[in-house]
Amino acid sequence: MIARLGERWLRAALLAAALALLLVPIAWTALASLGVQPDTTTSPPSWSAPTLANFADVGVAEPGFMDELTTSAIASAGATALAVTVAFLAAYGLARGTFQAARFVPWLLVLASVPVAAYVLPLSELARGTHLDDSLPGVVLAQAAITAPLAAFVLFGSLSRMPTDTEDAARIDGAGVLGTLARVTVPALWPSIAATAVVVFVLAWNSLLVPLLLTDGHVKMIPVAMSDFFTFERELEWPTAAAALIVSFLPLAALVMASQSVLDRFTLHERSRT
Amino acid sequence: MKAVRTSLPRHDRVAEFPEGLALGDQACADPPRDARRDGAEGCQTIRSGRWPTKWPSSTSQSEPEVGEPTLQHAFTDEPRAPDRPGARLWGRRSPDARLRDLAAARPRLPPCTGSSRDRLCVEFKGMLTRPQQVALLAPFGVLVGLALVLPMLLGLLSSFTNYGPGEIELQLTGVQNYSRLLADPEFAIAARNVVIFTAVAVPAELAVGFALASLLRSPFRGRRIVRVLFLLPWLVSPIASGVMWRFLLGAPGGLFEFALALLHRPAQSSPAGQPGLALATVVAIEVWRMAPLVAFLLLPAMERIPSERFDEARLNGAGAFMTARTIVLPALRPLLLTVAMLLVGLSLGTFDAVLILTGGGPGSETMTPALYSYQQAIQSNAWPIGVAAAWLIVAAVALIGTAYVRGTRARYTA
């Protein structure tokens with residue numbers, strides 16, 4: 001009993017330490033964005049008073065920041081919708097087909113593992129060739145294609161774990177493939193699909209290379225704006241940069257907090273073996 | 001032709017099927033008086049590769065009936081009990097022999113024709129026909145094929161030419177791009193860096209993620225919120241993390257300076273800019289960012305391990321480390337392999353994590369092939385070299401991916 005109690009305290013202490021290590025850098029940035037910074041020249045270090053001025057400064061230093069946020073949100077949402085839809089249909093085709101497709105599923109993960117940097121140069125040339133460069137549809141298509149293999153891999157796992165009895169019943173009762181999908185499969189798998197969509201959205205929102213090489217001024221997104229914070233011409237003040245970081249981080253944090261109940265359905269397990 | 005004689009008692013003992021029995025052999029339900037004669041009382045020839053299911057009664061001399069393999073008994077594990085009570089003692093065979101019987105007797109289902117009237121395929125298997133399957137896969141194939149696979153192939157092709165955005169005259173240059181690339185000492189450093197980066201960061205991310213997930217495994221109050229809080233570092237994009245750590249480590253009022261002041265140590269410049277420390281710093285930041293994601297991915301699988309197994313381990317006196325090694329790791333091995341594949345791919349393409357934090361410096365200490373490729377193609381106006389460098393990343397991932405698929409194949413065919 002005493003050993004168990006000790007174990008609980010040990011675990012609580014380890015958890016607290018892990019949380020501190022993971023979150024202090026973010027909290028420090030949040031404090032800096034509010035103007036709370038230590039002055040280490042005095043001893044003990046003194047702290048400056050909080051202010052919201054830094055958030056206003058973001059608009060001065062980067063006038064288009066709000067537009068960039070909107071563009072990022074629209075492009076990421078579009079890419080997420082496209083990637084998850086296409087990946088779900090493909091995963092359904094692979095999981096419920098007669099043809100033994102399971103052998104090819106690990107290759108989806110390999111495709112998802114190829115880093116964007118490895119093919120983004122020819123991709124940008126391709127976009128230029130098809131006049132999709134520097135346009136929202138181009139970015140959406142590219143981001144969707146990049147995230148679709150991972151989404152298909154995850155959704156294939158969810159589909160193959162799901163019992164097919166209800167689907168079979170719907171098919172025998174005369175529902176077509178799309179009817180079965182819409183009325184049986186999607187409602188049953190909704191949490192997994194939502195979790196996949198959240199992860200895909202985060203990946204699309206955070207991706208730098210695609211907008212960096214596929215867009216040029218006309219369409220500008222958050223990660224590119226951040227990479228522009230520090231160039232030869234200018235270097236942003238740290239509290240202003242911190243405010244910009246926090247503003248671009250908050251939507252994701254809110255999204256993840258709101259979807260926490262479904263997020264554990266995102267799993268890379270292809271099949272359950274237990 | 002040989003006769004098998006049994007001297008089994010009539011009841012209560014489970015007999016193994018006698019080894020070495022083959023088609024045409026004589027088998028007898030009871031100890032026969034004369035086993036060598038076909039049709040002897042209670043004996044018959046095995047004709048169907050299956051254990052006979054009907055036996056001649058010992059009193060009548062009628063022709064023995066042998067049950068043909070029908071659909072029904074092809075799918076039952078046990079041969080049907082013979083009519084005579086004494087004979088059922090024979091009805092057991094080794095599992096292997098039973099499986100062989102089943103395979104031989106299984107009726108061949110006709111292949112699905114793809115017609116919607118193909119009732120066997122639709123009703124009994126509840127499966128899609130081939131055209132339906134193709135239709136479902138087509139959008140994915142078009143999207144991923146055109147925007148992912150095609151660029152990779154174009155990259156491979158153009159890396160053997162002098163193709164570039166401003167190039168007017170397209171020429172085949174053979175392996176010239178690759179030989180120039182491999183002769184560049186900076187690329188050699190970049191390749192070495194990314195190998196070190198991957199070899200250190202991926203195991204560290206897996207280990208830290210595993211430890212974090214273990215901490216969260218058993219329920220406690222507030223676990224849900226802790227779990228989401230754990231995920232926050234991953235939400236910071238690589239580029240934002242570069243910006244953030246650049247200041248946390250190097251700016252006045254940053255975390256690093258504050259910590260040094262707290263410890264009464266003299267101020268230092270950012271470790272990301274110090275020779276010898278830069279790569280280690282980049283690795284540490286990457287572990288900070290990715291380990292929580294690993295924990296998030298491992299946790300659901302860890303929760304699926306029945307808690308009895310942990311109780312069992314505790315009763316047997318296993319400590320936390322022993323439990324992790326003997327119970328959790330084996331259960332998570334396939335998942336760990338998958339997560340490792342993703343992390344290796346990400347690490348080999350490290351670009352945004354170093355772009356702002358170090359810019360590849362000091363010197364070339366944190367240069368990576370992806371950054372090298374970008375700098376060559378965009379800044380140094382050497383597009384073909386950049387494409388060739390990037391293609392080497394594809395090749396590396398493809399090589400590791402092949403090993404990964406080999407490793408998973410056993411699971412899929414099992």
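Here are some exercises on a predicted two-chain model, each with a worked solution.

Residues are numbered from 1 along each chain as its sequence is written, while chains are lettered from A and ligands numbered from 1 in the order in which they are written. Since this is a predicted model, local features need pLDDT of at least 70 and side-chain atom pairs count only at pLDDT 80 or more, but totals for chains, interfaces and linings use all residues.

**Exercise 1. Find out how confident the predictor is in chain B.**

Step 1: Start with the scores for the model, which are ipTM 0.90 and pTM 0.80.

Step 2: Turn to pLDDT, the predictor's confidence in each residue, from 0 to 100. Chain B averages 76, and 69% of the residues score at least 70.

Step 3: Go through the elements; helices are DSSP runs of H or I with at least four residues, strands are runs of E with at least two, and both are numbered from the N terminus.

**Exercise 2. Describe the side of chain B that touches chain A.**

Step 1: Count contacts (two residues are in contact if their C-beta atoms, placed from the backbone, lie within 7 Å). Here 87 residues of chain B are in contact with 84 residues of chain A.

Step 2: Pick the top contributor on chain B's side: helix H4 (residues 130-158) of chain B, with 17 residues.

Step 3: Sort by class, where Ala, Val, Leu, Ile, Met, Phe, Trp, Tyr, Cys and Pro are nonpolar, Asp, Glu, Lys and Arg are charged, and the others, Gly among them, are polar. Chain B's side has 66 nonpolar, 14 polar and seven charged residues.

**Exercise 3. Work out how helix H6 (residues 136-161) of chain A crosses H4(B).**

Step 1: Get the geometry from axes, which are lines fitted to C-alpha atoms, for helices over the stretch in contact, with angles from 0 to 180 degrees between N-to-C directions. The two axes come within 9 Å and cross at roughly 120°.

Step 2: Name the angle. H6(A) is therefore oblique to H4(B) (under 35 degrees is roughly parallel, over 145 roughly antiparallel, 65 to 115 roughly perpendicular, and the rest oblique).

Step 3: H6(A) passes H4(B) in a left-handed crossing, meaning the near helix is turned anticlockwise from the far one by less than a right angle; clockwise would be right-handed.

Step 4: List partners. Among them are Leu141(A), Ile146(A) and Pro149(A) in H6(A), and Phe140(B), Val144(B) and Leu148(B) in H4(B). This contact has 13 nonpolar residues, no polar and no charged.

**Exercise 4. Do likewise for helix H11 (residues 238-258) of chain A and helix H7 (residues 223-235) of chain B.**

Step 1: Their axes come within 10 Å and cross at roughly 145°.

Step 2: H11(A) passes H7(B) in a right-handed crossing.

Step 3: Residues that meet include Phe249(A) and Met257(A) in H11(A), and Val228(B) and Leu235(B) in H7(B). By class, the contact has nine nonpolar, no polar and no charged residues.
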